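Open the model in your viewer and keep the selection tool at hand.

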Amino acid sequence: MNKILIENDIVVSAELSSKIKISFLEKSEDFAVNKLVVDILKDSKLEIIYHNESASKLDILIRVSSNVQAKITEIRTGNFMKIRYRYEIDTNSTLFLQKIHHIEGIRELDTIYLNGEHAKIKYLLKTISTKREKYDITVYHHAKYTESFVQSNGVNVEETLDFHVSSVVPPGMSGAYVDQKNRIVNLTDGKCNIHPNLFIDEYDVSANHSAWIGTFKEDELFYLQSRGIRKKMAIRLLVKGFLLSNLDLTNKRKEEIDNIMDQYWR
């Protein structure tokens, strides 16, 4: 497995095959933040593990070359972070991106460019929100027959959580497919928001979105409690199913998610 380890905005290790190239530029007089560039040249799987002890800023560019099937798993823990991503996906390529976050506050901006015909993105975000979190995710369909699937799922356990998700299809980008599924399970009195946007300027497009904010259904909890499961454990089981849905993780990563959930529900 290819792996990049980032601590406090610094790449501390990178175990990579020749299929992936990276460059890292530390902040200087010309650059206000550290910048990481990742080029995926051939079919690959990559883990990016982040941890920071203090507030941080980071700028990341990920480029997927033509005719490549790529999978990126991102695990992020630590304190407040501001981060900006730019993804560029070329012709006949697919990026399966799964993010698992447990951060004490985050401001994230993700911009995804589908630059070649038949470029595809499957974007899954799963977060346990403990402080204020805000995500802005925008997908640009810059070629015909491109596909985007964005699923943003969060469990809010303390303050607020915001998802702003936009899909843009300009005129002439026919045959595009757009799908958004955004859901927040709010377990507090904090205000959460979902802003789903479809900017479609082409007729030959299949596009849909959904947005839901609420708690778990009473009948779901009642069913589990009627089988002798305590309410707190019932919530834990529902949270686990919610966070792990559609993810493709190793057993080690699933255990890590279990350990995080133990901090709130055990």
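Predicted model: local features only at pLDDT ≥ 70, side-chain atom pairs only at ≥ 80, totals over all residues.

Leaving out residues up to four places away in sequence, Ser-174 touches Lys-144, Tyr-145, Glu-202 and Asp-204. Ser-174 sits in the loop between strand E14 (161-169) and strand E15 (176-186). Its relative accessibility is 13%, so Ser-174 counts as buried, the cut-off being under 20%.

Next, select Ile-40, Ile-62, Leu-95, Ile-112 and Ile-121. In the largest nonpolar core, which has 41 residues, these five touch the most other members. Strand E8 (residues 81-89) gives this core its largest share, five residues. Another core lies apart from it, with 26 residues, including Ile-100, Leu-221, Leu-238 and Ile-257.

Go back to Ile-40 and show its surroundings. Beyond its neighbours within four places in sequence, Ile-40 is in contact with Lys-19, Ile-20, Ile-62, Arg-63, Val-64, Ser-65, Val-68, Ala-70 and Ile-72.

Now turn to the cavities. How many are there of 30 Å³ or more? The count is two.

For the largest cavity, select Ile-100, His-101, His-102, Lys-126, Thr-127, Ile-128, Leu-243, Ile-257 and Ile-260, which line it. The space inside is about 60 Å³. Strand E9 (94-103), strand E11 (120-129) and helix H3 (251-262) each supply at least two residues of this lining. The lining has five nonpolar, three polar and one charged residues.

Last, select Ile-75, Ile-100, Arg-253, Glu-256, Ile-257 and Ile-260, the lining of the second largest cavity. Its volume is about 30 Å³. H3 provides the largest share of this lining, four residues. By class, the lining has four nonpolar, no polar and two charged residues.

Note on methods
Residues numbered from 1 in each chain as written. Heavy atoms only, no water. Buried < 20%, exposed > 50% of the residue type's maximum accessible area, 1.4 Å probe, protein only. Contact = heavy atoms within 4.5 Å. Core = buried A, V, L, I, M, F, W, Y, C linked by side-chain atoms within 4.5 Å. 1 Å grid on protein atoms, 1.4 Å probe; cavity = no way out; pocket = protein on both sides within 12 Å on 5 of 7 lines; lining within 4 Å. Points joined across faces, edges and corners; volume = space filled by probe spheres on them. Nonpolar A, V, L, I, M, F, W, Y, C, P; charged D, E, K, R; others polar.
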